Number of protein chains: 2
Amino acid sequence: MNRLDLNLLHVFDTIFREGSLTRAARALHLTQPAVSHSLSRLRDHFNDPLFTRQGNQMVPTPLARRFAETMRPGLTQIQSAVNQFHAFDPARQHKTFSLGLRDILESTFLPQLMKNLTSYPEIEVVSQRIARREMETQLASGKLDFAVDVLLPVSNQTSHELLRKDQLVVIAGEHHPGIENGLTMEQYLAARHVLVSSRTEGPGIEDFELSRQGVHRRIALRCQHYYAACRVAENTDLLVTMPETYARMIEQQAKVRVLPLPTDMPALNVHLYWHTAYEKEPSLLWFREQLHRVASNRPDRP
Amino acid sequence: MNRLDLNLLHVFDTIFREGSLTRAARALHLTQPAVSHSLSRLRDHFNDPLFTRQGNQMVPTPLARRFAETMRPGLTQIQSAVNQFHAFDPARQHKTFSLGLRDILESTFLPQLMKNLTSYPEIEVVSQRIARREMETQLASGKLDFAVDVLLPVSNQTSHELLRKDQLVVIAGEHHPGIENGLTMEQYLAARHVLVSSRTEGPGIEDFELSRQGVHRRIALRCQHYYAACRVAENTDLLVTMPETYARMIEQQAKVRVLPLPTDMPALNVHLYWHTAYEKEPSLLWFREQLHRVASNRPDRP
DNA sequence: TTAAATGATAAGAATAATTCAGTGGTCTAA
DNA sequence: TTAGACCACTGAATTATTCTTATCATTTAA
């Protein structure tokens, strides 16, 4: 029969993650020979060694890699489905959360998040950069648990909620002339600017709003990362317009000053996205709460 | 332990589909008591009857429904992953293919498709209408195997290929005056038209092309379905512009004539979409071939 | 070189699943 | 209304599978 013992998939997944039969056995609360036997059953089924011993670790064969690639998202989906009826205990259960973060969100979220999670050593976080176009499919296929991004149009298989509002502020080098009492609109428009954008052309969000107000600023540099832009501002008279949360972080490490924008501009709405089907899964609910804590700067335990 | 025997999920899925333990047992090549025992193990685990006997069939409880909803897509993903290394035998293996078809594609595809599949009684097809925005997430989550639509921008988790090109033609009532020798551009523009569109406003694709050519036609009726539009054309002097494949089908049943468009217009590119990760899965490859057969009007066995 | 650790293997033990046989309930048709 | 067919559940016995203990051959690290 074509029928594979589905429990072996769980063993396969663990060996794949741990890279060792002994460690996999520990994780599964089994003895090492039990795992070894399971592996040999898998080997029979696939007619492939699946994992080969290379020195101290079991390295997956190409076939095993290909299998893992397609099988593991399904497995996590099933585990989510099964676990939705059981409570989640973050202190004892092992769980990997995968998170799609763009640009500066990694720096503003991860440090505080991981600090809050130190008391949960079994919790693992994977952060990856996800293209906007991929976001929904990654969430739907189970490759991603959450994504954080500005407000985007999504299908109704994807849920989202506001995580935090971020005002735009201006970063200027410490010795930028004439900014002791903040920045006037004249100064802002007279200065030259760094535009941070992942695209190679077109205006940034702040330029959209400025042109709506009928003014225009001069761009001296277009680059991809806010961090690089800030290091430029540190050493020149160029200004950088960026979200406040990240600016406050940079302020503590670089010789720059954070100044309010001299004009009103709508705040950046940072949203959290997830797959609607797994909305009720306790572990995901718990992680969502953790993310909200970080976003609103609440301490670990309320 | 929180650990559920994953093999029970397969039993659950089969009971859910078959609505009967006896039939589920047959499908699983087991005896009925074996399935009954499996079910009782599931009941212990979920602390819920899961299926209750109502007359002649086992009806899932709300909890079972909710569980099935989230679990089954994962299960099919896993089965795809496992099966990618085994050949698929459409004559003997049971398999359900789910297909996202919009509007007229159901009428133009399904009859011929199901005719071609009569020699494969184990093959089941589910066709559902999918909103464009949902398409990719449905494919990614495993709820949909294939979708058919015009060319759309997609993420690279989704693959696609041209299924067929469809020319636009005009449908006119049988007794429409002065169309014995086809339709001139003057006649086309002088007539009043039915515009078929699922949106409530905005031009149709043909209007886009017409305005590119600097002309404009008069819309007398805007409606949602080509079939309704044809019945209108049958009884009035209104014209309907639509894809040729569907027009040819209608022509055989309604008192209408199919006329070529009096101007050149780009053909409609009908594409087939699927999830890239399961590209190599034999059963999906086989079904893709079936769809191509239908699209190109080739017979069942070449 | 040696001690510790790792994966494979063999054989017995433990566990789990399947089958068989029988019960009671439900539907259908005479 | 009732007999017969069908269906799901239960318990005991059997069968099959999986796990464990013990051991060996390699490999790694001290």
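**Close-up views of a predicted protein–DNA model**

View 1. Helix H10 of chain A, which spans residues 244-251, lies across strand S7 (168-173), S10 and S11 of chain A, and its direction makes an angle of about 120° with S10(A). The model shown here and in the following views is a predicted one.

**View 2. The open sheet of chain A.** In chain A, 5 strands are arranged in the order S9-S8-S10-S7-S11 to form an open sheet whose pairing is mixed. Strand S9 (218-223) and strand S11 (256-260) of chain A stand at the edges, and because each has a single partner strand, one side of each is left without a neighbour in the sheet. From one strand to the next, the twist averages 35°.

**View 3. Pairing of S8 with S10 within the sheet of chain A.** Strands of a sheet pair through backbone hydrogen bonds, in either a parallel or an antiparallel manner. Strand S8 (residues 192-196) of chain A and strand S10 (residues 239-243) of chain A run parallel and are joined by 2 bridges. Across this pair, A:His193 is found opposite A:Leu239, a residue of S10(A).

**View 4. Protein surroundings of DNA strand C.** DNA strand C is surrounded by 19 residues, and the closest of these are A:Thr22, A:Arg43 and A:Arg53 from chain A, together with B:Thr31 and B:Gly55 from chain B. By residue class, the surface near DNA strand C is made up of 5 nonpolar, 9 polar and 5 charged residues. Among the atoms of DNA strand C that lie within 4 Å of the protein, 65% belong to sugar or phosphate, while the rest belong to bases.

**View 5. Contacts to phosphate oxygens of DNA strand C.** From chain B, a polar side-chain atom of B:Asp5 is placed 3.4 Å from a phosphate oxygen of DNA strand C. The elements that give two or more residues to the surface near DNA strand C are helix H2 (21-28) and helix H3 (32-46) of chain A, along with helix H3 (32-46) of chain B. Of this surface, H3(A) provides the largest share, with 5 residues.

**View 6. Domains of chain A.** Chain A is divided into domain 1 (7-76), domain 2 (95-155 + 274-295) and domain 3 (168-266). Between domain 1 of chain A and domain 2 of chain A, the C-alpha centres are 27 Å apart.

Note on methods
Residues are numbered from 1 along each chain as its sequence is written. Chains are lettered from A and ligands numbered from 1 in the order in which they are written. This is a predicted model: local features need pLDDT of at least 70, side-chain atom pairs count only at pLDDT 80 or more; totals for chains, interfaces and linings use all residues. Side-chain values use heavy atoms; hydrogens and water are left out. A residue is near a molecule or strand if one of its heavy atoms lies within 4 Å of it. A polar contact is a pair of N or O atoms within 3.5 Å; within protein, one must be able to donate a hydrogen and the other to accept it, and residues adjacent in sequence count only if both atoms are side-chain atoms. Helices (H or I, at least four residues) and strands (E, at least two) are DSSP runs, numbered from the N terminus. Ala, Val, Leu, Ile, Met, Phe, Trp, Tyr, Cys and Pro count as nonpolar, Asp, Glu, Lys and Arg as charged, and the others, Gly among them, as polar. Domain bounds come from an automatic or database domain assignment. Two strands pair if DSSP finds at least two bridges between them. Axes are lines fitted to C-alpha atoms, for helices over the stretch in contact, and angles run from 0 to 180 degrees between N-to-C directions. Contact means heavy atoms within 4.5 Å.
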